[in-house]
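Biologist: Can you take me through this model? I would like to begin with the terms.

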Amino acid sequence: MHKPCAVIPVYNHEQALPAVVADLLRAGLPCVLVDDASHAPCARVLGQLAEQPNVYLVTLAANQGKGGAVMAGLREAARLGFSHALQVDADGQHDLADVSHFLAQSQAYPQALVCGYPQYDASVPKGRLYARYLTHVWVWINSLSLQIPDSMCGFRVYPLPATLAMIDSVQLGKRMDFDPEILVRLAWRNQPMRWLPTRVHYPQDGLSHFRLFHDNALISKMHAKLFFGMLLRAPLILWRRWRA
């Protein structure tokens with residue numbers, strides 16, 4: 001079965017969100033919106049969007065962070081009967097013209113996690129671009145593999161059964177550490193992954209919730225935790241890959 005939807009974590013993105021939802025609906029993709037305790041203006045927009053057919057709303061009473069909101073959305077998507085979920089940012093960074101390509105790849109390989117490999121334009125903040133390379137190196141070390149070329153891009157189609165089995169068995173980071181951590185942990189389980197290039201644009205008036213010090217500290221802590229987890233699991237990881 002291949003019944004996909006979009007999952008969109010939302011925290012005060014009322015300006016960009018309506019266009020994102022409209023593009024996804026035009027692509028034939030139902031939307032699960034997750035209100036991560038947004039302020040009142042955004043909550044009103046979310047309520048209005050949820051009045052449309054094929055738009056569903058999950059409201060979190062307290063802010064969970066991007067990862068916590070995504071996990072809540074994935075669980076709701078499964079509860080609604082969807083088999084796959086395309087994670088999309090609410091701020092308009094992702095090129096939604098690529099939705100059909102990602103869904104086609106997911107339908108052709110329904111067991112695979114289809115991930116975006118970002119192609120940046122000149123709008124990307126240079127500090128964030130360079131910092132990604134450090135994360136890439138740690139992800140390659142911690143996954144004992146080079147199969148993850150980029151772990152920070154949140155434009156992905158998750159196969160829900162395998163993803164929720166991971167989420168329900170491990171305590172994952174709930175903020176910006178979620179995107180790289182879940183990829184490493186799925187790689188430990190030999191999760192099939194497929195990669196597609198996708199353009200990423202940072203709007204000049206876009207709202208970013210990346211907290212430079214706090215989120216980088218969380219990501220560094222996550223890499224350290226994964227490193228020691230990798231050391232413990234290395235024989236089993238390598239044995240599974242040898243057998244695959």
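Modeller: Burial first: a residue is buried under 20% relative accessible area, exposed over 50%, and partly exposed in between, with a 1.4 Å probe and protein chains only. This is a predicted model, so local features need pLDDT of at least 70 and side-chain atom pairs count only at pLDDT 80 or more, while totals for chains, interfaces and linings use all residues. Residues are numbered from 1 along each chain as its sequence is written, and side-chain values use heavy atoms, with hydrogens and water left out.

Biologist: Is Val137 buried or exposed, or in between?

Modeller: Val137 counts as partly exposed because its relative accessibility is 39%. Val137 sits in helix H5, residues 126-143. Helices (H or I, at least four residues) and strands (E, at least two) are DSSP runs, numbered from the N terminus.

Biologist: Which residues make the nonpolar patch with Val137?

Modeller: Leu134, Trp138, Trp140, Ile141 and Leu146 make it together with Val137, and the patch covers about 570 Å². Patch residues have over 30% relative accessible area and no salt bridge; nonpolar side chains (Val, Leu, Ile, Met, Phe, Trp, Tyr) are joined within 5 Å, like charges within 9 Å. A salt bridge is a side-chain nitrogen of Lys or Arg within 4 Å of a carboxyl oxygen of Asp or Glu. Areas come from the Shrake-Rupley method with a 1.4 Å probe, and for residues only the protein chains shown count as cover.

Biologist: OK, whole chain. How many helices and strands?

Modeller: Eight helices and seven strands. Of the 244 residues, 51% are buried. The chain exposes about 11,600 Å², with 59% of that from carbon and sulfur atoms.

Biologist: Which strands does E5 pair with, and in what sense?

Modeller: E5 (residues 113-120) pairs with E7 (residues 193-200) in the parallel sense over eight bridges. With E6 (residues 156-159), E5 pairs in the antiparallel sense over two bridges. Pairing needs at least two DSSP bridges between the strands. Tyr117 has Pro197 in E7 as its bridge partner, and Cys115 stands opposite Arg156 in E6.

Biologist: Switching to H6. Which residues are buried there?

Modeller: In H6 (residues 160-167), they are Leu160, Thr163, Leu164, Met166 and Ile167. Down the axis of H6 they fall within an arc of 155°, so they line one face of the helix. The arc is taken from the directions from the helix axis to the C-beta atoms.

Biologist: What do they pack against?

Modeller: Helix H3 (66-79), strand E4 (84-87), E6 and helix H7 (178-188). Contact means heavy atoms within 4.5 Å.
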